[in-house]
Amino acid sequence: MEFDSIMQEITAGLTGKSDEDIAHLMKQAESYKTHPFAKEIARACGRLMFELIPDEKKEIYDIGGFDGIIACELKKKRPKANITVVDIDKNGLQKAKDKGLNTISSSVLSLPIEDNSADLVLAL
């Protein structure tokens with residue numbers, strides 16, 4: 001079965017109820033973990049799950065985001081999301097703060113972020 005057909009089959013099972021749909025997508029991604037398209041299916045299901053999370057509950061971290069230029073663009077698309085720039089450069093973080101972004105001064109080696117608390121992590 002081709003990737004597009006698999007994704008059509010998976011999305012046909014969506015109900016419009018975010019909690020049920022996220023559980024469905026997780027189950028589907030797990031069921032295809034040995035399939036030749038496993039990585040692509042997992043990524044597509046992950047993107048769909050991310051879209052199902054209400055914006056105000058989304059936790060997004062931009063690791064090494066310096067002045068927040070990428071985070072700022074993302075904030076325009078997801079204004080209710082909680083977006084935080086993490087960097088060790090205090091000058092860059094001040095610029096990110098000036099753009100209205102949350103900031104954390106930290107090295108990537110010792111992030112003060114709880115496990116499983118992020119919905120999306122950018123590390124560009």
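This report walks through a predicted model of one protein, from its overall layout down to a few single residues.

## Ground rules

Since the model is predicted, local features need pLDDT of at least 70 and side-chain atom pairs count only at pLDDT 80 or more, while totals for chains, interfaces and linings use all residues. Residues are numbered from 1 along each chain as its sequence is written, and side-chain values use heavy atoms, with hydrogens and water left out.

## The overall layout

Let's start with the big picture. The protein has five helices and four strands. Here, helices (H or I, at least four residues) and strands (E, at least two) are DSSP runs, numbered from the N terminus.

The C-alpha atoms fill a box of roughly 50 × 30 × 25 Å, taken along the principal axes. Out of 124 residues, 32% count as buried. Buried means under 20% relative accessible area, exposed means over 50%, and partly exposed is in between (1.4 Å probe, protein chains only). As for contacts (heavy atoms within 4.5 Å), residues 24 or more positions apart account for 50% of those with a separation of 6 or more.

## Helix 1 meets helix 3

Two packed helices are described by the angle between their axes and the distance between the axes. For helix 1 (residues 3-12) and helix 3 (residues 38-52), the axes come within 11 Å and cross at roughly 40°. Those axes are lines fitted to C-alpha atoms, for helices over the stretch in contact, with angles running from 0 to 180 degrees between N-to-C directions. The crossing of helix 1 with helix 3 is right-handed; a crossing gets that label if the near helix is turned clockwise from the far one by less than a right angle, and left-handed if anticlockwise.

Which residues in helix 1 and helix 3 meet? Helix 1 brings F3, I6, M7, I10 and T11, and helix 3 brings E40, I41, A44, C45 and L48. By class, that contact has eight nonpolar, one polar and one charged residues. In this scheme Ala, Val, Leu, Ile, Met, Phe, Trp, Tyr, Cys and Pro are nonpolar, Asp, Glu, Lys and Arg are charged, and the others, Gly among them, are polar.

C45, in helix 3, is worth a stop. It is buried, because its relative accessible area is 0%. Setting aside neighbours within four places in sequence, C45 is in contact with M7, I10, L25 and A29. C45 and Q8 are 37 residues apart in sequence, and their C-alpha atoms are 11 Å apart in space.

## The two sides of helix 5

Helix 5 (residues 90-98) has G92, L93 and A96 as its buried residues. They cover an arc of only 100° around the axis, so they sit on the same side of helix 5. That arc is taken from the directions from the helix axis to the C-beta atoms. The buried residues of helix 5 pack against strand 2 (82-87) and strand 3. On the face turned away from the buried side, you'll find the exposed residues K90, N91 and D98.

The ends of helix 5 have details too. At its start, a side-chain oxygen of D89 reaches to within 3.0 Å of the backbone nitrogen of N91. Just after helix 5, G100 takes a positive phi of about 90°.

I63 is in strand 1 and is buried, with a relative accessible area of 11%. Its contacts, leaving aside neighbours within four places in sequence, are V86, V108, L111, V121, L122, A123 and L124.

Take L124, which lies in the segment after strand 4. L124 counts as exposed, because its relative accessibility is 75%. Not counting residues up to four places away in sequence, L124 touches I63 and I70. L124 and I63 are 61 residues apart along the chain, with their C-alpha atoms separated by 7.6 Å. For I63 and P36, 27 residues apart along the chain, the C-alpha separation is 31 Å.

Most residues other than glycine have a negative phi. F66, though, has a positive phi near 50°. F66 lies in the loop between strand 1 (59-63) and helix 4 (69-77), and at 33% relative accessibility it counts as partly exposed.

N116 also isn't a glycine, and its phi is positive at about 60°. It lies in the loop between strand 3 (102-105) and strand 4 (120-122). Is N116 buried or exposed? With 82% relative accessibility, N116 counts as exposed.

Terms used
Polar contact = N/O pair within 3.5 Å; in protein donor to acceptor, adjacent residues only side chain to side chain.
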